[in-house]
Amino acid sequence: MTALTDLTARQLLVRLLAEIAPEVDLDDARPDGQLQEELGLDSMDFLNLMIGIHDAIGITVPERDYPALSTLDGAVAYLTANTA
Amino acid sequence: MDEGTLLEWLVAPGDRVHRGDIVAVVDTEKSDIEVEVFEDGVVGELLVDPGELVPVGTPLARIEPVGDGAPRASGPAPEPAVVTPAQGPPRGLPTTERTAGRILSPVVRHLAEELHVDLRHLAGTGTGGVITRHDVEAAVEVPPAPPAPSDPTSVPASATVLAAPDRIRSSPYARRLARERGVELLVSGSGPGRAVLAADVPDAPAAPPTERAGGMREAIARSMARSKREIPHYYLQTTVDLEASMQWLRAQNDTRPVVERVLPAALLLKATANAAARHPGLNGRWEDGHLPSSDVHLGVAISLRGGGLVAPGIADADLLSLDELMAALRDLTQRARAGRVRQREWTDPTITVTNLGDLGVDAVWGVINPPQLAMVGFGAVHDAVVAVDGVPLVRPVVVASLAADHRASDGVEGAGFLARIADLLQDPVALARPADAHTGGATP
């Protein structure tokens, strides 16, 4: 898989989150805030995010790694590290 | 729901259709509803064009019997069947909801019919909430749509669950624009029947976002107030040890592709559905008496991101395997949030689950969604110290609660029901298997 830069990872996540929570203005969300609180995501939304990541770049995030992706910044770091 | 706008036809004259096929999409204020056909046949004449606003009960199309003009086997009317946006529920549950038990004079009934007013959504101002002539006349905000061909198979609409549309007439595009621009729709616009059209939107006054979901809020208010007014609730709760379930789920999800992962919520729903199949006092409806259901159509409370709540159902949830139930839950959540729920999913639920686990609360005591008999609540799955064989251990647990209608069941049945849910969750492998039949259940 291609290595993601910080920017491309962030763009991917923003695109996926916009699909999952179209009502939310991502510009208002703090990148270091908990996605669950910032965007009102529930566990179904989070699963859909994981499915979106898998479909887009082929990464399967194990459940035990979920906490690392609980913020936008954390998810960006996780994706860049795991595609490097 | 008094009326709806036909958004699109998914079939054309000449198409073969089968019972259960989605043939059209109708827009109501809060949700697009997919209209199903309830018999096999061939699509004949389409009676309503896309964009037309029609009262509930209006025939939308004719379904001709298969086999050129062979006479229909039954039914007093030689007419071909029609599709209406309000075909009765397919499983024989009565649709009357809000008028149940109310006394209506024939004059009022007749007037309502004439003016296309759905009595079930009217609050009566007469003595004891009786609907008067004046109430019916006051409810006519727009001239009735062009007279629809009358047909004996047209039936009144079934009421939506928690999400009744608000009363502002508007085009879907106008609503989208209003949402995007953060404005509230005017009460009347320049369209036919004073409907709000896109052109009306820029002039609309700004309103705080909290008012945008006003229509749904009102519908929830009505339904919940009715529940607390009419239903004598009793409440029970039990703490369920989820060690076995969570371990099994973790192991499963570790080996599965992401798309096949199962959420704990699906297991909780599955246990509830299987238990409900064995407890008719909690599964069914109360309409002038207890109407137990042999099917389990499991309502799921789904919060909408803009605010508000809907509780559409998963049909025959007790007969689905865990994977099928999970897939149905994903699909339903997605469609509910996109405002696209099928008509049956509104009207069918026989019991509802509210799962507030994602909000981190320990427990929730639900308000029953009338005319159902029970609401099951789950709090967050969390670690707690529990005594196992006299030893304190840290285990994942969930608090399961039951709010039930005391007219239809007593605490003994309620307690048995919660105990069965707890039992079923101790054997996730058995729970994951599809049941052969209701009586088969997941426990022997």
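This is a predicted model: local features need pLDDT of at least 70, side-chain atom pairs count only at pLDDT 80 or more; totals for chains, interfaces and linings use all residues.
**Notebook: helices, a contact and a strand**

For burial I count C-beta atoms, placed from the backbone: a residue is buried if 20 or more others lie within 10 Å of its own, exposed if 12 or fewer, and partly exposed in between. Helices (H or I, at least four residues) and strands (E, at least two) are DSSP runs, numbered from the N terminus.

Residues are numbered from 1 along each chain as its sequence is written, and chains are lettered from A and ligands numbered from 1 in the order in which they are written.

**α1(A), the other face**

I then looked up the buried residues of α1(A): Ala9(A), Leu13(A), Leu17(A) and Ile20(A). Down the axis of α1(A) they fall within an arc of 60 degrees, so they line one face of the helix; the arc is taken from the directions from the helix axis to the C-beta atoms. Their cover includes α3 (43-57) and α4 (72-83) of chain A. I call two residues in contact if their C-beta atoms, placed from the backbone, lie within 7 Å. With 15 residues (6-20), α1(A) reaches 21 Å from first C-alpha to last, close to the 21 Å expected at 1.5 Å a residue. The expected span is 1.5 Å times one less than the number of residues.

**Chain A against chain B**

I got 14 residues from chain A and 13 residues from chain B in the contact. On the chain B side, α5 (243-255) and α7 (322-337) each supply at least two residues, and α5(B) gives the most, with 3 residues.

**α6(B)**

Next I checked helix α6 of chain B, residues 264-276, which reaches 19 Å, close to the 18 Å expected. I find 13 of its 13 residues buried, so α6(B) is largely enclosed by the rest of the structure.

**β17(B)**

Last, I looked at strand β17 (351-355) of chain B, where 5 of 5 residues are buried. Ile351(B), Val353(B) and Asn355(B) point one way, Thr352(B) and Thr354(B) the other.

Which strands pair with β17(B)? Strand β12 (298-300) runs parallel to β17(B), joined by 3 bridges, and Leu298(B) has Ile351(B) as its bridge partner. Strand β18 (374-378) also pairs with β17(B) in the parallel sense, over 4 bridges; there Val353(B) partners Val376(B). Pairing requires that DSSP finds at least two bridges between the strands.
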